[in-house]
Amino acid sequence: MCNKKKNGEKKCRRWEKTKAKRKIEVRVECDASSKPKAIPKPHLLHPTSPPQLLHPPPPALHPTSSTPAPPPPPPHLLHRSSSISSTPPPPPPFREQGQLQSSSFKRPGLGPHRGRLNIQVRGHISTTTPRPSEGRSGIEEGDLYDGAWCAQHEDLQQWLEVDAIHMTLFTAVILQGRSSIWSWDWVETYKVQLSNDSINWITCKNGSQEMGTGTRTPPVLGVLPVPHGGPLPTDQPQTWFVNGTICLRAELLGCGVQDLHQGQQEEEDGLDFRHHNYMEMRKLMKSVTEQCPDITRIYTIGRSYNGLKLYVMEISDNPGKHELGEPEFRYVAGMHGNEVLGRELVLNLMQYLCREFKRGNQRVVRLVTETRIHLLPSMNPDGYETAYEKVSRETPPTPGIFQAGSELSGWGLGRYTMEGIDLNHNFPDLNNILWNAQEEALDKSRVPNHYIPMPEYYTKEEAVVAPETRAVISWMQDVPFVLSANLHGGELVVVYPHDCTRDWAPKEYTPSPDNGFFRWLATVYASTNLAMANPDRRLCHYDDFQRTHNIINGGAWHTVPGSMSDFSYLHTNCFEVTVELSCDKYPHASELPQEWENNKESLLVYMEQVHRGIKGVVRDKMTKRGLPDAIIKVDGHDHDIRTAVDGDYWRLLNPGEYRVMARAEGYYPAARSCHVGLEARATPCDFLLVKTPLLRLKEIRAKGGKIPRTCSCGCVPSACASCVSPPRSSTSGARNCSGRGGRGRRPRREGRS
């Protein structure tokens with residue numbers, strides 16, 4: 001307790017605020033009727049600097065005996081009692097921010113800060129197949145971010161302790177070995193001890209047996225026979241792999257005692273904060289359409305490998321129809337099935353937009369009436385079901401214990417499709433096709449810089465393309481999307497194109513022609529996200545993205561050939577970024593309300609960016625019919641876009657003055673200046689194009705019409721942009737397109753000499 005008289009009220013408030021941020025990695029595993037919250041976690045397992053050695057640890061064995069010294073009871077106790085052992089553990093020499101401490105560690109990279117379950121090794125994802133840019137787990141061992149906590153000594157005096165700060169009712173422990181390809185290290189058995197004062201300890205036992213058994217990689221759940229309370233839990237290894245050493249990654253499950261008597265947790269925003277499997281997701285989407293039938297529509301874009309439908313929720317004031325001048329927006333979540341936060345945020349967003357529209361929230365009403373919104377909550381439903389349902393194969397399901405999530409399914413289980421395909425590497429690599437064509441061309445300006453066609457090999461039946469990928473590609477081609485975001489998990493950063501580097505270099509800054517606007521889009525989301533914008537937050541793994549304001553170019557992070565964002569930019573008009581939403585790929589349900597608060601404003605303000613830049617309709621000057629596939633070119637931007645079926649277009653641009661040109665096959669091009677202001681309202685920039693004489697004559701002949709007279713210059717007056725008046729039959733006063741007198745001439749008929 002801070003002494004206000006001695007230290008001052010302001011200093012004590014600052015101390016309390018700092019203390020409130022120090023929470024632990026604890027999950028809720030209590031009776032469902034109590035609905036307790038999980039204690040929030042601030043990513044405390046990833047310090048900005050390695051823990052320091054305070055003094056040498058005591059010797060592991062008695063000098064005259066090979067028998068290990070009797071282990072000190074580790075930390076965690078229900079209450080003080082004279083009947084409980086009062087032998088304290090040795091003074092903690094290694095402490096992480098006052099919460100994590102261990103008896104010893106082998107080196108800084110294997111300190112207690114690396115004891116989190118499913119922790120990643122630098123540059124790699126543990127327990128999963130690495131990305132092309134990454135080696136297998138453990139190749140870069142020896143730095144500050146290695147693959148587990150490993151004790152310096154191999155004896156029974158080693159322990160890993162977590163200070164929960166608050167009184168907590170602990171129910172289970174999940175244990176995992178070290179992530180490494182060079183050594184096999186894991187704890188086989190361990191015991192758990194609890195304390196409220198670091199002096200008196202109680203050991204959790206299953207009858208007369210000590211708690212726990214572990215394996216190298218698959219996480220193993222150890223359920224306490226009786227829940228025990230205390231702020232200080234400790235894992236104390238008892239046996240370990242005979243050819244290895246004491247290394248582990250762990251997670252504690254429990255409930256904050258202060259939450260146990262609060263009853264049913266009130267649902268913030270009136271939303272359904274829980275994890276939804278496939279059937280529950282369908283029910284929720286159906287309930288939204290029943291509540292808001294006038295602005296919602298559910299449709300499917302295809303099926304997964306296992307036959308699950310890829311459902312999309314459309315939200316618009318005229319669902320089912322593209323309205324002229326109204327941009328199309330999409331959120332895609334669940335590309336990696338085990339990165340589940342995006343799925344739940346998209347489902348929450350559906351409910352929120354429906355409810356707020358009915359309430360008359362002007363911001364939401366404007367979004368819904370001026371934007372056609374498409375929400376795909378699960379691109380990889382097969383992978384999600386795997387992550388949701390899978391438990392450790394070595395541990396049978398335990399009644400009353402929630403078995404889903406990254407705790408037991410590992411860092412990578414459910415990431416891939418049922419065919420073992422990573423969907424974010426499954427789109428065609430159009431980047432290098434474009435770059436190679438530009439390098440080989442004599443005139444680079446003649447190489448198409450947009451709507452890059454898919455390579456022939458990719459369209460063949462034997463191509464390794466997931467049905468989920470084919471469905472999304474078809475969806476992209478059918479709907480004229482303008483802006484999109486792909487929601488992932490496992491980090492806190494917004495990634496903008498290009499994702500793929502030239503020649504597949506492992507890491508290289510690779511900007512797109514619209515790099516300035518992409519940086520704006522990424523900044524809009526990151527700066528309004530409460531978790532990303534928190535300057536006191538911990539690193540998720542080893543990259544400090546706060547140095548780049550929580551945004552990064554994809555190629556500068558690591559190359560991703562065949563990403564959806566790059567494909568969307570090069571094959572369609574749609575700009576897309578990738579949002580890494582959370583350090584935890586599978587956050588507990590009790591964390592979902594806070595995650596919604598972290599992302600709600602970001603989700604809304606990002607959608608509003610679809611109305612930046614210029615928009616318009618390209619029409620035929622005579623018929624006023626919209627021209628599809630007309631090309632819109634902006635000077636200074638080596639990336640063009642095309643008009644939709646009705647001739648309308650949207651070009652995302654930062655504020656400024658732009659020279660814009662529109663051209664279509666069979667028409668004379670037209671250009672004009674367009675101003676983009678600071679407000680989030682697109683500037684109208686329409687075009688009327690005039691047909692070329694050749695196209696006009698072909699149309700007249702096709703209809704069997706009479707061929708009109710032409711000007712002296714040879715053009716058809718009705719199709720000539722510079723004609724002042726049609727030619728007359730007499731020479732007096734007749735004017736042609738040049739304004740000179742003269743008689744119009746009939747064009748020579750084909751077939752005559």
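I take buried to mean under 20% relative accessible area, exposed over 50%, and partly exposed in between (1.4 Å probe, protein chains only). The model is predicted, so I note its limits: local features need pLDDT of at least 70, side-chain atom pairs count only at pLDDT 80 or more, and totals for chains, interfaces and linings use all residues. Residues are numbered from 1 along each chain as its sequence is written, and side-chain values use heavy atoms, with hydrogens and water left out.

I looked up salt bridges, each a side-chain nitrogen of Lys or Arg within 4 Å of a carboxyl oxygen of Asp or Glu. The count is 17.

I checked Asp 620 and Lys 691. Their closest N and O atoms are 3.6 Å apart. Asp 620 sits in strand E21 (residues 614-620), and Lys 691 in the loop between strand E28 (687-689) and helix H15 (693-702), 71 residues apart. Strands (E, at least two residues) and helices (H or I, at least four) are DSSP runs, numbered from the N terminus. Lys 691 is buried, at 9% relative accessible area. Asp 620 is buried too, at 2%.

Next I took Glu 339 and Arg 415. This salt bridge has its closest N and O atoms 3.5 Å apart. Glu 339 lies in the loop between strand E15 (328-333) and helix H4 (341-359), and Arg 415 in the loop between helix H7 (406-409) and helix H8 (430-440), so the pair ties together parts 76 residues apart in sequence. Both residues are buried.

Last, I looked at Asp 640 and Lys 633, with closest N and O atoms 3.9 Å apart. Asp 640 is buried at 5%. Lys 633 is partly exposed at 26%.
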